[in-house]
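This report covers a helix contact and a pocket. Please look over the sequence and structure before reading on.

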Amino acid sequence: MRRRGVTVILGALITALLAAGVMVAPLPYVVLKPGPTVDTLGSDNGTEVIQVKKGETSTSKGQLRLTTVNVQSKVELVWAIEGWLSGEDAVVPKELIYPPDQTEKQVQEQNAQEWKQSQTSAETVALRELGYPVLTSVRKVTSGGAAEGKLLAGDVITSVDGTEIENPSQVTELIRAKPAGTALTVGYDRGGQAGTAQITSKAGGDDDTPRIGIEIETTQPNPFDIEIDLDKIGGPSAGLMFSLGIIDKLKPEDLTGGKIIAGTGTIDDDGNVGPIGGIPQKLVGAKKAGAELFLVPEDNCAEALRNTVPGLPMAEVATVDDALTALATFASGGTPKPCTAS
């Protein structure tokens, strides 16, 4: 064989090997895919998702499905190309999901913590909707503090100088709003009996911050024992659907109207619904699960409108009350408030 022919063959072989290497070399991207959906009113792997161990529950003919996104973290060129060409998947820089200063394990651990916190907030919001308010209670009275002999551990603080207390931060803010040495009227509930105490704040700490010498905590007395059994999913985005699922289980009426409703969104202790990632994939997953309505966080609506799925109407929600209104409207045959781009 002539030298030129050998050179051509070797060149082609090297090119092929290089191409093969490029095709299997990992890329700095991840692929987002539609993940499974789970009915918060039903069971997963034979176990009820929301378990109420004390108190009566109701059953629903419909479903309230949380939605998820699968993340393919090891991506080769051929998979990236498939993702770019797919109408369902998204190929995004890996650092958007796994920040450079965190390992994948650290991100997973953070997602697990956020998952647990979303469940706690969902329970708090649901119970408040059912008539069990969050209370600000005295956990400890500091020895020698201004409140010693006037407040007791277990007292529920109801007001400070006439302002009704709805969360613990208000107590601190109202005390610090006036200089140390100010006489404050603190309303409390002790064992079902209302009372007031006159407490003069004292300067404390390095910055002489006004204090009355108590440690506070939140409590929410209720007759239920609620547990959410679904640990294989991470992140905070199921908070809204967990909250709605708890409310539906503990209310006698069927909030779904026998329909399949899917959705997503974080939830905080005040019932505000926050934005999440992966809206395009979650819409696809919801449609595949037979959803007839998708609840979208207000701040995700513009993205959702750019990625609409035919046959899947969307409702805009900013709070859990908005979501309950959307459910009631849809269950009765009406049209909930649609997503808007603004």
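## Helix 3 and helix 5

W115, S118, Q119, A122, E123, V125, A126, L127 and E129 of helix 3 are in contact (heavy atoms within 4.5 Å) with G239, F242, S243, I246, I247 and L250 of helix 5. Helices here are DSSP runs of H or I with at least four residues, and strands are runs of E with at least two, numbered from the N terminus. The contact residues comprise nine nonpolar, four polar and two charged. Ala, Val, Leu, Ile, Met, Phe, Trp, Tyr, Cys and Pro count as nonpolar, Asp, Glu, Lys and Arg as charged, and the others, Gly among them, as polar.

## Basis of the model

The model is predicted: local features need pLDDT of at least 70 and side-chain atom pairs pLDDT 80 or more, while totals for chains, interfaces and linings use all residues. Residues are numbered from 1 along each chain as its sequence is written, and side-chain values use heavy atoms, leaving out hydrogens and water.

## The second largest pocket

The second largest pocket holds about 530 Å³ of space. A pocket is an open set of points on a 1 Å grid over the protein atoms alone, where a 1.4 Å probe fits, with protein on both sides within 12 Å along at least five of seven lines; lining residues have an atom within 4 Å of a point. Its lining has 22 residues, and T124, R128, V134, Q220 and D269 are the closest to the centre.

Helix 3 (104-129), strand 16 (214-219) and strand 17 (226-228) each give two or more residues to this lining. Helix 3 gives the most, with seven residues. The lining divides into seven nonpolar, eight polar and seven charged residues.

Terms used
Points joined across faces, edges and corners; volume = space filled by probe spheres on them.
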